[in-house]
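The following account leads the reader through a structure, beginning with the contact between its chains and moving on to individual elements and residues.

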Amino acid sequence: MPDTAGRAEYIRPLQRLTRDDEPRFGGKSANLGELLAAEIPVPPGFAISTAAFRAFVRDAGLEGRIEGALARVTPGDLEAIATASHAISEAMRFAPVPDVVRVEVEQHYAQIGKAAGLDSPPVAVRSSAVGEDSAEATFAGQQETYLWVRGVQHVCDAVRDCWVSLFSPPAISYRARLDRAEEPPAMGVTVQLMVDAEVSGVMFTCNPVSGDPSMVAINASWGLGLAVVGGEVTPDDYLVSKVTGEVVREHVHSKDVEYVPDATGAGAVRVEVPDERRDVVCLDHTALARLIEVGKRIERHFGGHQDVEWAMARGGSGELFVVQARPVTGLAKKPENPKPASAMSLIMSTFGAGPPKG
Amino acid sequence: MATTAPKAGAFPSPYEIDTPAGCEGWEEMYPYYALFDERRREIDENRFWFWNSMHFPMPMPAFDVICIDSPYQAVGSWQNRVFAVPPAMGIDYRCVNGYIYISGNPVTDPAKIAERAEFFQKRAGYYFGNWSELYGKWRAKMEALIRELGELRVPDLPEYEPDEVAFGEDRNTAFYEVLDAYGRALRLGDLMWQHHFEFLLLGYGAYGTFVEFCKGHLPDIPDQHIAQMVAGIDVLLFRPDAELRRLARLAIETGVDPAFQQGRSPSEIDAELAETEAGKSWLEELEKVKDPWFNMATGDGLYHYYRSWLDDPSIPYAALIGHISALNAGERIDRPTEEIQRERDRLASEYGALLDDESRTSFNDLLNLSRTVFPYVEEHKFFCDYWFLTRWWNKIREFGALLERNGFLEDGEDVFQLSRYEVASSLDELVLTWATGGVALGPKHWPPIVARRKEILEKLGEWTPPPAIGVTPEAVTDPMTIMLWGVTTERVQEWARQQDGGSVLNGAAASPGVIEGPARVVRSVDQIGDVRDGEILVCGSTSPAWAPIFSKIKATVTDVGGVMSHAAIVAREYGLPAVVGTGRATAAIRTGQTIRVDGTEGTVTLLSAQGA
């Protein structure tokens, strides 16, 4: 996609993205741009376009190889899928990120460093899937996340690893099922300053279990969000009324592990939570109120229920950041909405004097 | 509702319940038709009966049975014969060891149900369509009825009839006047019960439909929010306490507040007030408030034990003491009505906004209808159960006094140990012997019977009735049982599981919050005075008339009650955690035992093994 200078656009700061950029930068990046426009606190960062991915494939001369490997894939043929995945991944892993892209990464990474006041700021590198893929991305195994990445070289490696994940066996299999096995896939990447989270978690702007639209459901645990998202810990569980802010349900669980930045300064490690902190509730009512307020604004901005990843920074401020938002899909259970009926006919049904409620 | 095949017994058979030792002959206190009789064993043993501890937490005195018969005659008439609620006729009751078990009569024939539906739609539709006008007429009817009761005179029996009887026209002799007055008193009671149930089913039904609609569309909505959206702002039931708050402020303004000291009885306080001019004018102000606002009962009025605040001012005086000390401590005691109004409208509009357009229309219509019916739902208790009934029991006491004066009873209060037929029969003999000058047998006949019955009632009071008897239904489908008593399929299954005991009781989460504290088990209203600050009230069911003591307690737990019970509404109003409908809290918990009440989850945990 050429920019005004006629050059393909590889990178753009998150704050300059809108939902219209989803086809070029992927859902995750576009949504973060929208959040920034709505003045939701989002850590600074930039988005890498699908054009960058295509440039990478083209420059490395992998087009034919990918096409060839995928041509032999049929849905359900797990062996063929594994073979194709292996062939493509191996080839990609040794191909360099194109210089034009690398230069831009360097510039924008430096911008993040400037904003954060750090020479070599820790960032999160995540895939940002495009089109129909975004909704199903989690299940299709295309949701790669690399935490606490530092230095341009490591960022570029992580970006390439995201691209590679596009050809993981589940991803190929998923596209094959959609009968899109042979289309050349593409993917964006999001690079964002890491929040050294004391507490982090996920928030749904509805109750995903009951479908109640008046509730916000929150899972929270110690450390970086990985433990909650990956289901490695039973998080504290809150249900809060959007209408009054009342905590309708609060279950505190024993949170035995957390992810923290590695002592070496690169990567995140899983550590045991000290005994005395495990059973401590990790969000107080003030923190919950801040989350609800942000959740309601996000929902209002997008006009639908959102699944939000958030983090609260370590240190006295406990500043709240949103690191991802996407529409809630496939509610486990919709509220049973009776067919629209007049108030009087509903009352008649209560007394068994009308059509049964359906 | 109990039409399902008999299921192996979680609950005891009504025919296999032992009479507690020393209570032999308890059956004589009750009508023949109120007993589990061998002649209809086959039917009665195969039905599901649950203990109506909401209305009848204590063993019934013989006279008070009228407050079972009349209400069930009335509710059945409206439900079955006027509105013809399609799947449910009326409610049968039976008495076991003095406790009252009830069971609905279902309609199962689809053709009958369809036929009844036509009646119901037409008649209920008329009531809903003209609610405010009909309810206005109802209030006028009730006020007239209460006036008539007040005017009913219970004559004495003079040695000689006055001259008017000899010389006047249309004069009656005292024998007739006494019998007529007794007959009138009973009929006025019946009339009250008839009025009581005229709107009740429809009112609760409309509100219940709104509750169900909210829970269908907003499954996690707290019950409290539903109640807040509907509840009246200017509810009559809150008036008595509002008047007490006003009087508390007046006491402080006029400097008479030091008279209101914790531990003083109402008469001690009155005596001190009477010593000063300011105190006297405060007492005059109090007199003005008493009618009608002191026509509150000290408990839900289905027993003669529940006197009104007029008869026993200890509840309002305790409340006055509390209000005055709160005011002197600088606390705000007013009910912030404007705030409540704003919050009620805000909740309604925000919840409405979360629904799609079509659902929002139903939501708003149901909400408006619920708000229309709610004044009745709240106020009928004041008119019927409190105001009328406390005065009616006093009218019966006048007959008791007449019998006492003539030696038939040792104490006028003993009149409640006789059934209404036995009272009629005593009065018959009394006026007969008054007329003939003969010797009455009553004074020899009744006192030993009364003494024996008091002894039986006391022993029956120590017996713990099972929450249900008969067969366990697969499902509770009777809309009235669910709506009025909160007895659902889940509740019955829970009761069945709990028959084995256990240290956690489950009920309905009626008012949110978690509290631990010492329990105070209260099985009758005369124990209410034992409640200490900071205790958790455990009772068969709470009455909104106990509301003033809600400021003393930390939480409340009941045996029976649903989301729509007044107790639940009052608990939420006071912000107290409440679990209702546990089935057996009064049996499982001892006074002094430490318990945890989780009003959010609906559980009660017994933390210490024994009470004090």
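In this predicted model, the contact between the two chains takes 33 residues from chain B and 30 residues from chain A. On the side of chain B that touches chain A, the elements giving two or more residues are helix H3 (110-129), helix H7 (200-217), helix H13 (337-353) and helix H14 (357-405) of chain B. The largest share, seven residues, comes from H7(B). By residue class, this side of chain B divides into 19 nonpolar, 10 polar and four charged residues.

Chain A may be considered next. Chain A holds 13 helices and 13 strands, and 48% of its 358 residues count as buried. Among contacts in chain A with a separation of 6 or more, 65% are between residues 24 or more positions apart.

Within chain A, six strands form an open sheet in the order S9-S8-S7-S6-S12-S13, and their pairing is antiparallel. Its edges are strand S9 (247-251) and strand S13 (320-327) of chain A, each of which pairs on one side only. On average, neighbouring strands of this sheet are turned by 15° against each other, direction ignored. One of the pairings joins strand S6 (residues 197-204) and strand S12 (residues 306-313) of chain A, which run antiparallel and share seven bridges. Here Val199(A) stands opposite Met312(A) in S12(A). Helix H12 (residues 285-302) of chain A lies across S6, strand S7 (215-222), strand S8 (236-241), S9, S12 and S13 of chain A, and runs at about 140° to S12(A).

A loop of chain A also deserves attention. Glu39(A) lies between helix H2 (27-37) and strand S2 (45-48) of chain A, in the loop that links them. Its phi is near 65°, a positive value in a residue other than glycine. Glu39(A) is exposed, because 9 other C-beta atoms lie within 10 Å and the cut-off for an exposed residue is 12 or fewer.

Which residues of H16(B) are buried? They are Gly442(B), Trp446(B), Val450(B), Arg453(B), Ile456(B) and Leu460(B). These residues cover an arc of only 130° around the axis, and therefore lie on the same side of H16(B). The buried residues of H16(B) pack against helix H15 (420-436) of chain B. On the other side of H16(B), Lys444(B), Pro448(B), Glu455(B) and Glu458(B) are exposed.

Several local features of chain B remain. Asp291(B) and Pro292(B) are joined by a cis peptide bond, with omega about 10°, and Pro292(B) lies in helix H11 (residues 277-293) of chain B. Asn97(B), although not a glycine, has a positive phi of about 50°. Asn97(B) is placed in the loop between strand S2 (88-96) and strand S3 (99-106) of chain B. With 18 other C-beta atoms within 10 Å, Asn97(B) is partly exposed.

Finally, Glu16(B) is found in the segment before helix H1 (41-44) of chain B. Glu16(B) counts as exposed because it has 9 C-beta neighbours inside 10 Å.

Notes:
Residues numbered from 1 in each chain as written. Chains lettered and ligands numbered in written order. Predicted model: local features only at pLDDT ≥ 70, side-chain atom pairs only at ≥ 80, totals over all residues. Helix = DSSP H or I, 4+ residues; strand = E, 2+ residues; numbered from the N terminus. Buried ≥ 20, exposed ≤ 12 C-beta atoms within 10 Å, placed from the backbone. Pairing = 2+ DSSP bridges. Axes fitted to C-alpha atoms, helices over the stretch in contact; angles between N-to-C directions. Contact = placed C-beta atoms within 7 Å. Nonpolar A, V, L, I, M, F, W, Y, C, P; charged D, E, K, R; others polar. Arc of directions from axis to C-beta.
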